[in-house]
Amino acid sequence: MGNEFFSLLYSFHFYLFGLIAVAAAIAFVTRKSPVAAAMWLVVTMFCLAALYVMMDAQFIGVMQVLVYAGAIMVVFVFVVMLLNLGHPSELSDISGKWGRLFAGFLGLALVAEILTLTRSPMDLRLVVPTIPVTVTSTGGIIGGVSGPLFREYLLAFELTSVLLLIAIVGAVVLGRKRSAS
Amino acid sequence: MTHLPLFALFQVADPQLPPTEGIFLIGTVVKMFIVFSVYMVGVAMLTLAERKISAWIQDRHGPNRVGYGWLQPAADGLKNIMKEETYPDSANLPLFILAPAISFIPAMITWAVIPFASPLPTPWGRIDMVVADLPVGFLFCLAISSLGVYGIVLAGWSSNNKYALLGGLRSSAQMISYEIAMGMSTVCVLLLSGNVSLSTIIQQQATMGWNVLLLSIAFFIFLVSSFAETNRLPFDLPEAESELVAGYHTEYSAMKFSFFFIAEYANMVTASALITSLFFGGWDIPFTQWDNLPPFTVLKTVLTLGVFLTKVLFFLFFFMWIRWTVPRFRYDQLMSLGWKVMLPLALAYITIIATVVLVLDRAGVARGPVYGAILFGMNVVLAVLLFVVLDRGRIVSPAYSRLDREEVARLRDMSVRNPALTEKKA
């Protein structure tokens, strides 16, 4: 099947998108302009989607672009533009010498944790679901996702959507002006 | 097949490469070139078509000087390349330069997954007439077209101009609102086809009848939403020239401005192709099964391509026709139409269609012409009901409507109230 050619192609694109994703993520945290940072985050999302597609998880890849890059980030950029957050140089979450030291310490700790995780002999694979899952061959690529989601895990799925609804209602209640009541 | 020189190159790169993979790569590259060039030339000619059609509708001549008008797009392109580009002092330059490209590229990428003819038989095997037959086809279209809004939003923000910013804000709000209605309307299509791949959707329409008949209201919602998504009149609020100078592209000049112009037409072509594929059977020739069944011949490919192009061109004409007929909506009207009419309508329609599909499947009706006929009958009833509700007793035009008493009372109330307000201020 020409495996060598395609595995070369595969690893080339894996590293290409991986490097872009990491570089964009670094740019995202270091940019001071909120809109520029948001755009770098979109680039990261897009590269992650590309990586998903390369793992044959096309549905998740497309959803990544559709939901995160196409909807959430657009709303985010919209809000940033609407609020027009003053001078970027004045905006900083971390201020003062001690704040910076603490943030640096936390970052180093996180890197150390990730390194330990990658070296640990622990089985990091996801736990196989105990309920027997029926993967349907019909419905193309969506069938594998939608079958279990709407049969075995229907209750959990619906409860999650109710949870999201509660969150929306809660946000509306909190955001409403007090004087209105 | 080994006499293809390009294929020899692939063989050098990897001797184990089977012939079919090489054909796939070469075929894809060739298809990309053809689709890209046809697309770009088509978009250029569309700018001419728009001006000619607007002239025809307004009883004028339209462009008629450069090569009797036919070379007008070339002249426009040349002019735009030669013109000086201006950059506003306080603009965010990287994003300012990037924005036209971001608005243009997504519209073009979407074409990769749209099948435009029946498979072409060649000496090297059957070649599908689609650049990339992705298994997630239709979702890919939605995902990529949802990125187009960044071009407009960034253009508005990076120009550092209040009109441009307002245009960008309007565009992002408008596109998010209508994307939801658009996505909801296509759920019905997916319910019928049972798959998201565009070739399956087209096959389903070939056997059951076109979706425009089976899912008329979904088509209506999709059509209205695609006008909003492409920022065409009556929903061109991001650039509303009477309020915002030129909206998001106020500060752009020369070729960068032209790119926004091209992007608008590219979006129109893509929207037309999507409407054709989802609701008008794609490359399916109506009233016959001859074109859907093997053996596939070159004649079938040419004919189906012609049918596909005819349908797409009709919708492009429709876009222009609407632009020169319907006046612009007000911003609050646009929003309330999207959220209070289109979205609830789409949700209700999904429920109805899902119920009907469930009942028909339980009753053991095979997916075929009969299934389609039952759905069509139900849609006629629903469409009439919807028309009556939307029309509110006016029979299409508000100019000939009878005003009901309540509305007369409301209008009087307003006219009485207004002087009172002005008196208070005074």
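Among contacts in chain B between residues at least 6 apart in sequence, what percentage join residues at least 24 apart? Please go on from there to the packing of H7(B) with H8(B) and to the largest nonpolar core.

Analyst: The model is a predicted one. In chain B, 76% of the contacts between residues at least 6 apart in sequence link residues that are at least 24 apart. For chain A, the corresponding share is 43%.

Chain B has 426 residues, of which 41% count as buried. Its secondary structure consists of 16 helices and 2 strands. Chain A, with 181 residues, has 14% counted as buried. Chain A contains 6 helices and 0 strands, in the order α-α-α-α-α-α along the sequence.

Confidence comes next. The mean pLDDT of chain B is 81, and 89% of the residues reach at least 70. Within chain B, helix H1 (residues 5-13) has the lowest confidence, with a mean of 51, while helix H10 (residues 216-229) has the highest, at 90. For the model, ipTM is 0.74 and pTM is 0.82.

Now the helix pair. A packed pair is described by the angle between the two axes and by the distance between them. In chain B, helix H7 (residues 162-193) packs with helix H8 (residues 198-208) at about 70°, and the axes lie 9 Å apart. Angles of 65 to 115 degrees count as roughly perpendicular, so H7(B) is roughly perpendicular to H8(B). On the H7(B) side, the contact is made by B:Val189, B:Leu192 and B:Ser193; on the H8(B) side, by B:Thr200, B:Ile201 and B:Gln204. The residues of this contact comprise 3 nonpolar, 3 polar and no charged.

The largest nonpolar core is the last item. In soluble globular proteins, nonpolar side chains tend to be buried together. This core has 126 residues, and those touching the most other members are B:Leu139, B:Phe140, B:Ala218, B:Ile221 and B:Ala266. The helix that gives the most to the core is H12 (residues 254-279) of chain B, which supplies 14 residues. Leaving aside residues up to four places away in sequence, B:Ala266 touches B:Val43, B:Phe104, B:Ala107 and B:Met108.

Notes:
Residues are numbered from 1 along each chain as its sequence is written. Chains are lettered from A and ligands numbered from 1 in the order in which they are written. This is a predicted model: local features need pLDDT of at least 70, side-chain atom pairs count only at pLDDT 80 or more; totals for chains, interfaces and linings use all residues. Axes are lines fitted to C-alpha atoms, for helices over the stretch in contact, and angles run from 0 to 180 degrees between N-to-C directions. Helices (H or I, at least four residues) and strands (E, at least two) are DSSP runs, numbered from the N terminus. Angles under 35 degrees count as roughly parallel, over 145 as roughly antiparallel, 65 to 115 as roughly perpendicular and the rest as oblique. Two residues are in contact if their C-beta atoms, placed from the backbone, lie within 7 Å. Ala, Val, Leu, Ile, Met, Phe, Trp, Tyr, Cys and Pro count as nonpolar, Asp, Glu, Lys and Arg as charged, and the others, Gly among them, as polar. A residue is buried if 20 or more other C-beta atoms lie within 10 Å of its own, exposed if 12 or fewer, and partly exposed in between; C-beta atoms are placed from the backbone. A nonpolar core is a set of buried Ala, Val, Leu, Ile, Met, Phe, Trp, Tyr and Cys residues joined through C-beta atoms within 7 Å. pLDDT is the predictor's confidence in each residue, from 0 to 100.
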